[in-house]
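Please read the following report alongside the sequence and the coordinates.

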Amino acid sequence: MLRNLNIRLRLVLGFVALLLMTALLVGIGGFGLYVAQQGLQGITQQLIPANNATVAARTRLIEGQAAAATLVASIFKTEDMQRAKADWDKAQQGLDKAMSDFGAIAKTPESQANLKKFAGHIADYRKAVAPAAAKLLANGYADAQEAFADMKAADAAYTPAATMLAGIETTLSTTSDAVFSKVNGLINTIFTALLIAFVVGCVL
């Protein structure tokens, strides 16, 4: 009878130990999945939209610069200059939208400061291009070289703006990779823990 009691006690203790281990692993797994979900949510709701806005801004900035160069190259060709000016205006509208999209998700003081600084570069860029474009359309330049010299002044604002966008893209990419790596490591840890629990359960 004592022997049967010992066997029964061992079975009960083993079952209780298994339940406790299962409860512990469920708690750890639940917490791990919550952390992973928060990490992925940060990527989908913050990093990806910010990267999309940055890429859009860089694309529109390049398009605007190309349109400005075409405007100069088309000197004395009214229709071509008007078309190039329309393309430049469209690129500026796209830039405004990209800055607005980035501003909607810029929650940290650093990102807000970056947006303000970038907007300042764009304002200076437009101040340089707009009068030169207007003078071109009015046939106010004697030749393309004179127009190019005025348009070249916009590079003082274009270059730092483009550099800022490249730096922001790199930072966002690095941050996304780091978050993905942490989430992947956490998921692997949870899977390993569950596998160990299964083996221990089978042994018990």
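What follows describes a predicted model, beginning with the overall fold and ending with selected residues.

## The chain as a whole

The protein chain contains five helices and zero strands, and its pattern along the sequence reads α-α-α-α-α. Of the 204 residues in the protein chain, 30% are buried, while the accessible surface comes to about 12,800 Å², with 65% of that area belonging to carbon and sulfur atoms. Among the contacts between residues at least 6 apart in sequence, 79% join residues at least 24 apart.

The largest nonpolar core has 39 residues, and the members that touch the most other members are Phe118, Tyr125, Leu136 and Met151. At least two residues of this core come from each of helix H1 (2-73), helix H2 (78-105), H3, helix H4 (144-152) and helix H5 (155-203). As background, nonpolar side chains in soluble globular proteins tend to be buried together.

Helix H3 covers residues 109-137, which makes 29 residues, and its first and last C-alpha atoms are 41 Å apart, close to the 42 Å expected at 1.5 Å a residue. The buried residues of H3 are Ser111, Leu115, Phe118, His121, Ile122, Tyr125, Ala128, Val129, Ala132, Ala133 and Leu136.

How do the axes of H2 and H3 cross, and within what distance do they come? The two axes come within 11 Å and cross at roughly 170°; because angles over 145 degrees count as roughly antiparallel, H2 and H3 are roughly antiparallel to each other. On the H2 side, the residues that meet H3 include Met81, Trp88, Gln92, Met99, Phe102 and Gly103. On the H3 side, the residues that meet H2 include Ser111, Leu115, Phe118, Tyr125, Arg126 and Leu136.

Beyond its neighbours within four places in sequence, serine 111 is in contact with Phe102 and Ala106.

Leucine 115 is also placed in helix H3, and, with neighbours within four places in sequence left aside, its contacts are Met99, Phe102 and Gly103. The C-alpha atoms of leucine 115 and serine 100 are 9.5 Å apart in space, although the two residues are 15 residues apart in sequence.

Tyrosine 125, which is among the buried residues of H3, is in contact with Gly64, Gln65, Ala68, Trp88, Gln92, Ala154, Ala157 and Tyr158, once neighbours within four places in sequence are left aside. Is glutamine 92 buried or exposed? With a relative accessible area of 6%, glutamine 92 is buried, since the limit for that class is under 20%.

Aspartate 101 is likewise located in helix H2, but its relative accessible area of 35% makes this residue partly exposed. The sequence separates aspartate 101 from alanine 56 by 45 residues, yet their C-alpha atoms are 9.8 Å apart in space.

The table lists accessibility for the residues discussed.

| Residue | Relative accessible area | Class |
|---|---|---|
| Glutamine 92 | 6% | buried |
| Aspartate 101 | 35% | partly exposed |

How values were computed. Residues numbered from 1 in each chain as written. Predicted model: local features only at pLDDT ≥ 70, side-chain atom pairs only at ≥ 80, totals over all residues. Heavy atoms only, no water. Helix = DSSP H or I, 4+ residues; strand = E, 2+ residues; numbered from the N terminus. Expected span 1.5 Å × (residues − 1). Buried < 20%, exposed > 50% of the residue type's maximum accessible area, 1.4 Å probe, protein only. Contact = heavy atoms within 4.5 Å. Core = buried A, V, L, I, M, F, W, Y, C linked by side-chain atoms within 4.5 Å. Areas by Shrake-Rupley, 256 points an atom, 1.4 Å probe, with all protein chains shown as cover. Axes fitted to C-alpha atoms, helices over the stretch in contact; angles between N-to-C directions. Parallel < 35°, antiparallel > 145°, perpendicular 65-115°, else oblique.
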